[in-house]
Amino acid sequence: MIIGIGVDVVDITRIEKILQRRADLFIKKYFPCEYDNISIKPTKIAGLYAAKEAFVKAIGLGMDKTPLSKICIGYDTYGKPYIYGDLVRDNWIVHVSIAHDGGVAVAMVVIEEV
Ligand SMILES: CC(C)(COP(=O)(O)OP(=O)(O)OC[C@H]1O[C@@H](n2cnc3c(N)ncnc32)[C@H](O)[C@@H]1OP(=O)(O)O)[C@@H](O)C(=O)NCCC(=O)NCCS
């Protein structure tokens, strides 16, 4: 049963400006799980940020209860992203898809309970 969907769009230039000003702080604050494994490219970060916000929307409890730092994103060997971490319940399958083009990154998340 699908229990939530979420979508988010992020302006890549906005992320680029943040990274220029305080990349280290920004990455440590929002991407502690991904810190060691991601390239600090605006497009990449914008997609991951969009995926995290889409996950927050899919859960539906807001940022306070679903902080971005606790939403972890990894990639399989084919480059397909997946979401993991304490917020993901054992009986959930979390589907996530990311795309970027035309200066924006977009992500969609579907949470399925099994
Ligand atoms: C998925 C694919 C169609 C992307 O198409 P695109 O139009 O060039 O790019 P988009 O902006 O729409 O999508 C890029 C996003 O697709 C996602 N993606 C990449 N490979 C994927 C896959 N195998 N399955 C699902 N999603 C994938 C990623 O999230 C990527 O963004 P990110 O790396 O910044 O997170 C293309 O990259 C592809 O066919 N990949 C196959 C796997 C591959 O070649 N892997 C190379 C590394 S082993």
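Two residues are said to be in contact, or to touch, if their C-beta atoms, placed from the backbone, lie within 7 Å. Keep that rule in mind at the first stop, Cys-33, which touches Cys-72 and Gly-85 when residues up to four places away in sequence are not counted.

Before going on, note that this is a predicted model, in which local features need pLDDT of at least 70, side-chain atom pairs count only at pLDDT 80 or more, and totals for chains, interfaces and linings use all residues. Residues are numbered from 1 along each chain as its sequence is written.

**Stop 1: Cys-33**

Select Cys-33, and you will find it in the loop between helix 1 (12–30) and helix 2 (42–59); helices (H or I, at least four residues) and strands (E, at least two) are DSSP runs, numbered from the N terminus.

**Stop 2: helix 1 against helix 2**

Show helix 1 and helix 2 together, whose axes come within 10 Å and cross at roughly 70°. Axes here are lines fitted to C-alpha atoms, for helices over the stretch in contact, and angles run from 0 to 180 degrees between N-to-C directions. Helix 1 and helix 2 are therefore roughly perpendicular to each other, a label given to angles of 65 to 115 degrees, whereas those under 35 count as roughly parallel, those over 145 as roughly antiparallel and the rest as oblique. To see the contact itself, select Ile-12, Ile-15, Glu-16, Leu-19 and Tyr-30 on helix 1, and then Pro-42, Thr-43, Ile-45, Ala-46 and Tyr-49 on helix 2. These residues divide into eight nonpolar, one polar and one charged, where Ala, Val, Leu, Ile, Met, Phe, Trp, Tyr, Cys and Pro count as nonpolar, Asp, Glu, Lys and Arg as charged, and the others, Gly among them, as polar.

**Stop 3: the largest nonpolar core**

A nonpolar core is a set of buried Ala, Val, Leu, Ile, Met, Phe, Trp, Tyr and Cys residues joined through C-beta atoms within 7 Å. Which members of the largest one touch the most other members? Of its 25 residues, they are Ala-46, Ala-50, Ala-51, Phe-55, Ala-107 and Val-109. The elements that give two or more residues to this core are helix 1, helix 2, strand 4 and strand 5 (104–113), and helix 2 gives the most, with 11 residues.

Stay on helix 2 and select Ala-51, which lies there and is buried, with 28 other C-beta atoms within 10 Å. Leaving aside neighbours within four places in sequence, Ala-51 is in contact with several residues, including Ile-73, Pro-81, Val-96 and Ala-107.

**Stop 4: Val-94**

Move to Val-94 in strand 4, which counts as buried because it has 21 C-beta neighbours inside 10 Å. Apart from neighbours within four places in sequence, Val-94 is in contact with Ile-83, Val-88, Val-109 and Ile-111.

**Stop 5: around the ligand**

Finally, select the ligand and the residues that surround it, among them Lys-44, Tyr-78, His-100 and Asp-101; a residue is near a molecule if its C-beta atom, placed from the backbone, lies within 6 Å of it. Strand 4 gives the most to this shell, with four residues.

Terms used
Buried ≥ 20, exposed ≤ 12 C-beta atoms within 10 Å, placed from the backbone.
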